[in-house]
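Let's take a walk through this structure together, one piece at a time.

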Amino acid sequence: MWNLFDCKMILTLVLVFNMIYKFTLSASDKRRYVRVVKETDSKSVGLCLRRFESCCRRLCFVPCENLVLESQRVVVTGYRNISELYMLPCKRAGGGEVAVVEEEGSIHSPETLIKKPRRTDLPSIASATTATTGNARSTDNSIATTTTNSNSHGSGGTGTDSLMMALGNGNSADIDEDLHSRQLAVYGRETMRRLFASNVLISGMQGLGVEIAKNLILAGVKSVTLHDEGVVELWDLSSNFIFSEDDVGKNRARASVQKLQELNNSVVISTLTTELTKEQLSDFQAVVFTDISLEKAMEFDDYCHNHQPPIAFIKSEVRGLFGNVFCDFGPEFTVFDVDGEDPHTAIIASISNDNPALISCVDDERVEFQDGDFVMFSEVHGMTELNDGKPRKVKNARPYSFSIDEDTTNYSSYEKGGIVTQVKQPKLLNFKPLREALKDPGDFLLSDFSKFDRPPLLHLAFQALDKFIVELGRFPVAGSEDDAQKFISLAININDSLADGRLEEIDHKLLHHFAFGARAVLNPMAAMFGGIVGQEVVKACSGKFHPLFQFFYFDSVESLPKEPLDPSDLKPLNSRYDAQISVFGSKLQKIMEEAKVYIVGSGALGCEFLKNLALMGVSCGNQGKLTITDDDVIEKSNLSRQFLFRDWNIGQAKSTVAASAAALINPHLKIEALQNRANPESENVFDDTFWENLNVVVNALDNVNARLYIDQRCLYFQKPLLESGTLGAKCNTQMVIPHLTENYGASRDPPEKQAPMCTVHSFPHNIDHCLTWARSEFEGLLEKTPAEVNAYLTSPSEYSSAMKNAGDAQARENLDRVLECLDKERCETFQDCITWARLRFEDYFADRVKQLTFTFPEDATTSNGTPFWSAPKRFPRPLQFSVDDVSHLHFVMAASILRAETFGIPIPDWVMSSTKLADAVNKVIVPDFQPKENVKIVTDEKATSLSSASIDDAAVINELIMKLEKCQKQLPPGFKMNPIQFEKDDDTNYHMDLIAGLANMRARNYGIPEVDKLKAKFIAGRIIPAIATATAMATGLVCLELYKVLDGGHKLEDYRNTFANLALPLFSMAEPVPPKVVKHRDMSWTVWDRWILRDNPTLRELLQWLQDKGLNAYSISFGSCLLYNSMFPRHKDRMDKKMVDLARDVAKAELPPYRRHFDVVVACEDEDDNDIDIPQISIYFK
């Protein structure tokens, strides 16, 4: 509620902004505003605020809505006080119209209100700043509400300066790169700007609707309007993470707004709670319906399809374990980037004068072009006719060559060089409206080739369900045979009426399952389809990635319990799990509630898993327990995907915050949050008892080493492991089931190809090489060298002794760097830091290049007579420093600031002034450089070090230590340096400024295209691209497998591993690979088996136990220590010793009190002296 003083403050600011921003304000408005500031006429306040609203539109405010005048007060819904207005998101706001306050103070939306025309193109973010309060309309008396949250990601002030600052950013095309960095790595800036300008309607706020809304709000669309006419039921709590029992009876859309708004304050969220009309759809770029009849859907889709411009229409349903998606993006939809991958490039080795021309590429990397791709040539020497920028079509693509359909017979002869780059072509898609597509669906998008005939049947089933609901006014009842038979008969009748596409056979059992679960919206299905549909909306709004064309059907009927379900077991229990019980029965529900689950990681995957498991009721019983661990803390960049975190959680432990948030979703969840890293050092926490009590382990990790460790623990304790991962729009899931499937570590991706050290340091030919070098230099100059200095200063004698004992080239280099840092390069003033930075520029980008080209001139040849500077090598040119080059000056600024930090030197404000900085740089005296003879530059691609050993290393080290001792005496008492650890996600620390500067200047040396700071951050920071949609889909798929694991009766063919690429889209599901079986006599075992020997046996007893199995053990080891070998006579003296005593005495094993056993590796032969791989043997001594 605002008082009159607040209103006066606002109107005063309007007058100020009118002078600054020159927006249109009539003379009468000015006089009226001034009068309100001076007087207390409430009627005038109402008129002024109405005019103020129009000013807000130009100023990018979210305007006031539902203004009610009460004497000297103005009631404004959605804001508690004036300071909240300043904290409202100013970058992006929703479209639509606003309620108007009349002079009498009554509120209405007049029918004469002129509708703002919908934009016919997707505006850039700079223009996406029109601020209104949703999509209210007067014709059907629908109500629109908009909420905001004062806890904005940005800070807001209560004074003119901070407000002006917010307004200054309102029309900015900038994207919050700290927040959206991982998403930017997937989409790029242009797609993000299109998203920021997009208004989306989501109709139906049950589980699927809220999942879609969550993903789009995290992605950062301009506005999301939630539509639902129904109220929250207890049934909804099985799938909707927003609702609580307190929300039962409230309108679904209104009950969703507040918690959804917390996900992203920059997205305007509004609601519609009455029946939609097709005309209302014109305010949106995309509309999504999750609970709509076919008849109404066809009506809305016809309107969207024929609208100019077309409105993207998406219809999706989740019914039990069955789901579908239909997309119609209009009669002509252009996809600008089909797959989202970076254009492929190749380095040319030769081009023939032929028809067609054959292009051979260097064998450094395989050519990724495919027949039909278009490519463009550049930097070709000799055959310059190809450098015309014209795309040419690829044919006859081979691993290291391809042809182009062009006659180069009369072209100039190829000499050297050349880059060929893929040119991505836009693709035009012609969508059919739903009315036509239902009759002629075309090719269905398949996900599981073992269900090749399933999509046509499900196409029929969803139509039969719609007819059932229309005729009976309800869904089929779970467990009702009558309803199931009615549903099946409807499906048969529809099939019989088809002229084309009639099915020869109908699977009655499948339709029976469909009918029983038709009313239920299951959380895993909602999560999976929420990811798919959310991604389709992004495609519709941006043209990025190939849309789903046009139907997709999916089922996971294998998730049902293997034992037949009794209809009575499906009846509701008046609990929040009733929807899930109607599909799986109360028996499995009880098993899930008592499950003991271990989730490793609480990042993006972990947050989704916690939400899913809480809604499913996993570990929510009296005996249930969910343990989650993660040693990481929350950062700003997490907030765009890890939806359980808020900006006020930054810096807090991920697992603790995530566990608290999950407990709010389901208060019955029994959860313990730990901050231990999953590795051998934490086995005192995650001990044998912990592992033995588990039912299942869920990985939510982001690195391979941790995954392999958990995989080994699951193997050892024979626990199911549900594995998943994402990379941009791609995701995969892998089920690791004891004795049924191979383990995670059984197959690994090939290691990433590393560029040779000499390439990175002297012969880069792409920007990745430059950035790898830049990060290496950053860490060497600002982290490693200062750390070495501190190590020396902390204990000079010990450090010197260590270097003498090492006596190698590395020790010599370390000492040399320390001495250089403390002697001739020691900085005492900021001007010293500028001098250091300027001389570094000269050294890196001029002197070293001069030396390289002196040692290897442009016409140099190799020992076999071929040109030294042949592809992929690029001949470099030295740079000439200029204060007029902004990039040169920015490099010096970043380098000098960071150098000052390492020495603890205050950074003056004038460094931000280009003029003053240039003056300081011009004071630096740069010595002339003369290349030296006989300088050795490493060219061997197999070399692992640039340092070369010397017979004089020891003498040089002694001399350096003596110089260091003298230098140390000249240092001020207590002198220490401040090592800087690289932090990629803080754009104010100049780390990425320096790395991007280093890389781009080096790229300029070698004629390599430069990159902006964001791209440099992705590569140098090794940022893994990530989006919420892929994460949601992966976790949904995993939780569908979790039903099978906890049920316990499923076979290998029931489980599914999945690879999906939402960009294409591609869904590939297959049963897991079984483990390799080893056979001996009548025994067989796999990697899952572990042989256990109890009762604290002796060595003799162990050998006899194996001999009884027909195995002769000739070697037994514990860790790296040999406990027994048949070739060593003295080892026979150990025969009657306990195995645990041998482990302690011989291997010096320290067995902690909580350990009851230890493991030995035994090498065995059979009777024919053939080696036999046997399982690991566990010796229990307690």
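How many of the residues of helix 15 are buried? Helix 15 is mostly covered, with 20 of its 20 residues buried; buried means under 20% relative accessible area, exposed means over 50%, and partly exposed is in between, with a 1.4 Å probe and protein chains only. Helices here are DSSP runs of H or I with at least four residues, strands are DSSP runs of E with at least two, and both are numbered from the N terminus.

Before going further, a word on what you are looking at. This is a predicted model, where local features need pLDDT of at least 70, side-chain atom pairs count only at pLDDT 80 or more, and totals for chains, interfaces and linings use all residues. Residues are numbered from 1 along each chain as its sequence is written, and side-chain values use heavy atoms, with hydrogens and water left out.

How far can you trust it? The pLDDT, which is the predictor's confidence in each residue from 0 to 100, has a mean of 86 for the chain, and 85% of the residues reach 70 or more. Over residues 19–28, though, the pLDDT is below 50, and this stretch has 19 contacts in the model beyond near neighbours in sequence; a contact means heavy atoms within 4.5 Å. Residues 53–173 also stay under 50, and there the model has 284 contacts beyond four places in sequence. Where pLDDT is low, the predicted coordinates should not be read in detail.

Now find helix 8, residues 207–219. Its 13 residues should span 18 Å at 1.5 Å a residue, and its end C-alpha atoms are 19 Å apart, which agrees. (The expected span is 1.5 Å times one less than the number of residues.) Since 13 of the 13 residues of helix 8 are buried, it is largely enclosed by the rest of the structure.

Next up is strand 9, residues 268–272. Five of its five residues are buried, so strand 9 is largely enclosed by the rest of the structure. Val268, Ser270 and Leu272 point one way from the strand, while Ile269 and Thr271 point the other way. Strand 9 runs parallel to strand 8 (residues 223–227), and five bridges join them; two strands pair if DSSP finds at least two bridges between them. Val224 has Ile269 as its bridge partner in strand 9.

Further along, look for a barrel. Six strands close into it in the order 14-15-18-17-16-19, with antiparallel pairing. From one strand to the next, the twist averages 45°; axes are lines fitted to C-alpha atoms, for helices over the stretch in contact, and angles run from 0 to 180 degrees between N-to-C directions. Strand 16 (residues 374–378) and strand 19 (residues 419–423) are joined by five bridges and run antiparallel. Val375 stands opposite Gln422 of strand 19.

There is also an open sheet of eight strands, in the order 24-23-22-25-26-27-28-29, with mixed pairing. Strand 24 (671–674) and strand 29 are its edge strands, each pairing on one side only. Here the twist averages 10° from one strand to the next. Strand 25 (residues 696–699) pairs with strand 26 (residues 721–727) in the parallel sense over two bridges, and Val698 has Leu722 as its bridge partner in strand 26. Helix 21 (residues 704–717) packs on the sheet, touching strand 22 (596–600), strand 25, strand 26 and strand 27, and its direction makes about 165° with that of strand 26.

Finally, a few backbone details in the loops. The peptide bond from Gln308 to Pro309 is cis, with omega near -5°, and Pro309 is found in the loop between helix 10 (294–306) and strand 11 (312–319). His739 has a positive phi near 70° though it is not glycine, and it is partly exposed, with a relative accessible area of 38%. Arg1081 has a positive phi near 55° and counts as exposed at 54% relative accessibility.
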